[in-house]
Amino acid sequence: MWDFISRKAATEPDADRRGYAVWVSEIMLQQTQVATVIDYYIRWMQKWPTLQALAQASLEEVNELWAGLGYYSRGKRLQEAARKVVSELAGRMPRTAEDLQKLLPGVGRYTAGAIASISYGQATGVVDGNVIRVLCRLRCVGADSSSPAVIDWLWDMANVLVDRSRPGDFNQALMELGATVCVPKSPLCGECPVKQHCQAWRRVEKDLAFASQKLFGKAAPVPDVEDCLGDCPLCPPATEPWDSSLGVTNFPRKAAKKPPRAMRTATCVLERRGCHQAPEYFIVQRPSSGLLAGLWEFPSVPLAQDLQEEKEREELADHLQAWTGRPVAAKGLQFIGEVIHIFSHIHQTYVVYSLHLDGDVTLDPALSPSRWVTEDEFRASAVSTAMKKVLKAHGKQRRKESSPVKGSKRKRGAKALGAGSPCPGTQLSLRAFLRAPKGP
């Protein structure tokens, strides 16, 4: 599937449009699965087929199309760079990896190498996660593959290996090898076209031969001349020796990731009846920088960890009062549940409440942009996946209230349902699970 995107982009006859198409595909594929990217890529290229078209778009339009793809700053930087190409470079894409990285904001070493080799035939290597895995196994690189020294060595290796006559095809093939054969778990070594050159595979074969000789009581084999006998910055540390049970998946090795930091946010689905009594929802725009920059969300306020529920309600009520221009009773907020969303570095818990408003609300123009939207308009807006989860939780709660379980003694919309039990399908935090249920 990656091949589908890259080849579609690389076959564009116009050089600038070809570079732009590869650029878009590479930015979208960063940290995102190919199956997710395909539809986004097709819609993007249909809406903005050229750099000039993207440069004329608004950030709101870019965010709307990017919504759900994650890492939202990528779309913003892509448009900023497109505007720079149009306004400062006369609409002409830089042709070398060095210039691409130097002149275009948001274009790093990998993206620059991919654009230059695939679009313009520059004989330069690329190093992404797939290539790191392939090269570390080919050369038994056991040091931390995310360390600057190892990354520099891998780039040097990639630049040496790249085919000078077909650099784009070679780089795509190397990445495809890592994505389909030399995969993180259960690699298909038997189908690998370069296994005869792979030191990790040879090590596995040597282990099997040694086990066979030991079984029949034969002498231990003489160490291979290629075995590292001294200190080497690329070899596994002595504290982490070769594990025969892992085979080639001993490589690559990375330092343990830092656990994501936990954050809690109180969020309110503010609702009113609009035209034809259809529900409308109040959304506000996030700041233009930081996490989820420029996206729309339900009114939300960060919470301190271990805050009591009563205090959570009070903080959210104060926050809502600033938006609605009227007092909001904390007790009037209905608890919906807790929605958990995992960002790359944040374990985010949304404590979801709802509040129905009667009558109109005067919006304060001094506050961030805000508006009322229907459900369809909400889904078409630049909202994050997390906010879509929040609306889904709210909808499930509403449906449950309107269709009580047969034989239940609780009244429709009973407070205990909202305050003590999240909606079906909403993941419980430990704190919510242990919250004492309130009486009927």
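This is a predicted model: local features need pLDDT of at least 70, side-chain atom pairs count only at pLDDT 80 or more; totals for chains, interfaces and linings use all residues.
How many bridges join strand β5 to β6, and do the two run parallel or antiparallel? Eight bridges link β5 (residues 334-342) with β6, and the two strands are antiparallel. With three residues between them, β5 and β6 make a hairpin. On another side of the pairing, strand β1 (residues 261-273) joins β6 in the parallel sense, over eleven bridges.

Now for the helices and the space they line. The largest pocket holds about 1,400 Å³ of space. Its lining consists of 39 residues, and those nearest the centre are Gln31, Asp128, Gly129, Asn130 and Lys254. Sorted by class, the lining comprises 17 nonpolar, twelve polar and ten charged residues. Helices that each supply at least two lining residues include α2 (15-29), α3 (34-47), α8 (109-120) and α10 (148-161). The greatest contribution comes from α9, with five residues.

Buried residues in α3 are Val34, Val37, Ile38, Tyr40, Tyr41, Trp44 and Met45.

Finally, let's turn to charged pairs. Side chains of opposite charge can pair when their charged atoms come close. The whole structure contains 14 salt bridges. One of them links Asp152 and Arg109, whose closest N and O atoms are 3.8 Å apart. Because Asp152 sits in helix α10 and Arg109 in helix α8, this pair ties together parts 43 residues apart in sequence. Asp152 is partly exposed at 43% relative accessibility, and Arg109 is partly exposed at 36%.

Arg272 and Glu280 also meet in a salt bridge, at 2.9 Å from N to O. Here Arg272 is buried, with a relative accessible area of 17%, and Glu280 is buried too, at 13%.

Within helix α14 (residues 375-380), Glu375 and Arg379 lie four residues apart, about one turn of the helix. Their salt bridge has its closest N and O atoms 3.0 Å apart. Glu375 is partly exposed at 33% relative accessibility, as is Arg379 at 41%.

Definitions and conventions:
Residues are numbered from 1 along each chain as its sequence is written. Side-chain values use heavy atoms; hydrogens and water are left out. On a 1 Å grid over the protein atoms alone, a cavity is a set of points where a 1.4 Å probe fits but cannot get out, and a pocket is an open set with protein on both sides within 12 Å along at least five of seven lines; lining residues have an atom within 4 Å of a point. Grid points are joined across faces, edges and corners, and a volume is the space filled by probe spheres set on the points. Ala, Val, Leu, Ile, Met, Phe, Trp, Tyr, Cys and Pro count as nonpolar, Asp, Glu, Lys and Arg as charged, and the others, Gly among them, as polar. Buried means under 20% relative accessible area, exposed over 50%, partly exposed in between (1.4 Å probe, protein chains only). Two strands pair if DSSP finds at least two bridges between them. A salt bridge is a side-chain nitrogen of Lys or Arg within 4 Å of a carboxyl oxygen of Asp or Glu.
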